[in-house]
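This briefing is meant for a reader who is meeting the structure for the first time.

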Number of protein chains: 2
Amino acid sequence: MSAREPGRVTIGEAARRTGVSAKMIRYYESIGLLPAPVRAESGYRTYGPSDLHTLRFVRRARDLGFSMEAIGDLLALWRDRDRSSAQVKAIALDHVAALRRRIRELEGMAGTLADLAESCCGDDRPDCPILDDLAESPRAESPRAESPPTESPPAGAARAPDR
Amino acid sequence: MSAREPGRVTIGEAARRTGVSAKMIRYYESIGLLPAPVRAESGYRTYGPSDLHTLRFVRRARDLGFSMEAIGDLLALWRDRDRSSAQVKAIALDHVAALRRRIRELEGMAGTLADLAESCCGDDRPDCPILDDLAESPRAESPRAESPPTESPPAGAARAPDR
DNA sequence: GTGGGGGTTCCCATGATGGGAAGGTCAAGG
DNA sequence: CCTTGACCTTCCCATCATGGGAACCCCCAC
C-alpha cells in the first residue's frame, strides 16, 4: 500500500475495493470512459475516493448489462447536474427493451430445443429427432413439407438478425 | 454459376443456398469444423449437395445458439451412424440449461432496471433513482423493493459471465 | 542490498462475424 | 480476341470486453 497521498490508492487496491480488475480500469481509461488519474512520481496511477466511487458506478452498470457506450452516457449524465432524469430513463428503458428482445430470442431457442430433446428418447440407439431437425433444411418454426436435400430452388434464405 | 462438375456450386452460390455467408464458410473450414472442399482447377472451392446439407445443419444449429464447439460435436454425431441418441440429447440439454441460465441473468437485469425506471419520473429535473442506484456503492443484492407481490429474491447479477 | 510483490507498457487471444485490399478467373458481349 | 464486371482467392484489420503474459521499473521490509 503505497500512495502516500492521503486517501489515494494504487490500481490494485482500487481493483480490490471496487471489483473492477486492474486490467479493466486501465482499459476503461484507454477508451476514454474514465479520465486519466493522478500519477505518483513513480508513474503509478493513484485513485482517490471519488475515483473509486466512479469505478463502482461502472461496475454496477456492467452488472446490469449496459454496454460501454451506454455507460459512458450514464457517467456523463451522472456528472451533469443539469441533466434531466428523462435522459437517464430513456437509456435505461432502451436497455430494458434490448434485454427483453434478447430474452425472447433465447427463449425461442430454449423452447425449440427443449421440445426436440423431449421427443428424443436418449438411449443407445442412433435415431434422434434432434439431429433430424437440424438436418432438415427448410428451417421453419412449423413443420413443413420437405424436399430431398438435393438442391431445390433458392427459396430465399431468411436472414435472422442473430448474434 | 461456374463449377462445371454436375451439381457442384461455388462458395457464393453455396452461401445463397444455405444462408451461411461465404466468409463464414471459409472460417468454418479454417477452424476445422468443415472439411476442405474439392477445388476446381481454378482453385475455387466447389460444394456438392451433401456439403450444402452440412452447411444448412450448421446454420440451423447456430440459429439455436449452439457454440461452434458444440456444433462440431453435433456434426460428428450426425455423421456417426453408431452414435447413441443419448449423447445428442445430453448436448442439447446442456445447451438448454445454459440458455435458461442466461435468460435468468438477463431477466434479473431487466427486472432491476425496469423497477428503477418505473420509480424514475423521467422529467426535466435531475433527480434520478436510476443514477442513485448505480452510484450506491454497497451493491445490495436485492433492492428490488416495491412490494414483494409473489416474487422471491431474483438473485441479482453477481459476477455474471455475461455478454 | 536484496527479494518479493506490484506497478508500467505492449502484444496476443478469445468467438463469431464483417469489411476491404490486391490479385486471379470466368462468362458474356462487342 | 479482348474487355468488362461479377466472382473467387488469400491476407489483414476491426469489433466487444476481458484475460494472459513478457519485459521492465518501483517500493518497502528485512
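Predicted model: local features only at pLDDT ≥ 70, side-chain atom pairs only at ≥ 80, totals over all residues.

**How chain A and chain B meet**

- The contact draws 62 residues from chain A and 63 residues from chain B, and the area buried between the two chains is about 5,800 Å², with carbon and sulfur atoms giving 64% of that area.
- Three residues, Arg60(A), Leu131(A) and Leu134(A), together supply 12% of the area that chain A buries against chain B, which is more than any other three residues supply.

**Polar links between the chains**

- Two salt bridges are counted between chain A and chain B, and Arg60(A) forms a salt bridge with Asp133(B) in which the closest N and O atoms are 2.8 Å apart.
- The count of residue pairs in polar contact between chain A and chain B, with both residues at pLDDT 80 or more, is 18.

**The side of chain A that touches chain B**

- The elements of chain A that give two or more residues to this side are helix H3 (49–63), helix H4 (68–79), helix H5 (85–118) and helix H6 (129–135), and the largest share, 20 residues, comes from H5(A).
- When the residues on this side of chain A are sorted by type, 32 are nonpolar, nine are polar and 21 are charged.

**The surroundings of DNA strand C**

- DNA strand C is surrounded by 21 residues, of which the closest are Gly12(A), Arg26(A) and Arg45(A) from chain A and Lys23(B) and Tyr28(B) from chain B.
- Of the atoms of DNA strand C that come within 4 Å of the protein, sugar and phosphate account for 65%.
- In the side chain of Arg26(A), an N or O atom is 2.8 Å from a phosphate oxygen of DNA strand C, while for the side chain of Arg39(A) the corresponding distance to a phosphate oxygen is 3.2 Å.
- Thr10(A) also has a polar side-chain atom that lies 3.1 Å from a phosphate oxygen of DNA strand C.
- The elements giving two or more residues to the surface near DNA strand C are helix H1 (11–18) and helix H2 (22–30) of chain A, together with helix H2 (22–30) of chain B, and H2(B) gives the most, with four residues.
- The residues of the surface near DNA strand C divide into seven nonpolar, seven polar and seven charged.

Note on methods: Residues numbered from 1 in each chain as written. Chains lettered and ligands numbered in written order. Heavy atoms only, no water. Contact = heavy atoms within 4.5 Å. Buried area = accessible area lost by both parts, 1.4 Å probe. Salt bridge = Lys/Arg side-chain N within 4 Å of Asp/Glu carboxyl O. Polar contact = N/O pair within 3.5 Å; in protein donor to acceptor, adjacent residues only side chain to side chain. Nonpolar A, V, L, I, M, F, W, Y, C, P; charged D, E, K, R; others polar. Near = heavy atom within 4 Å.
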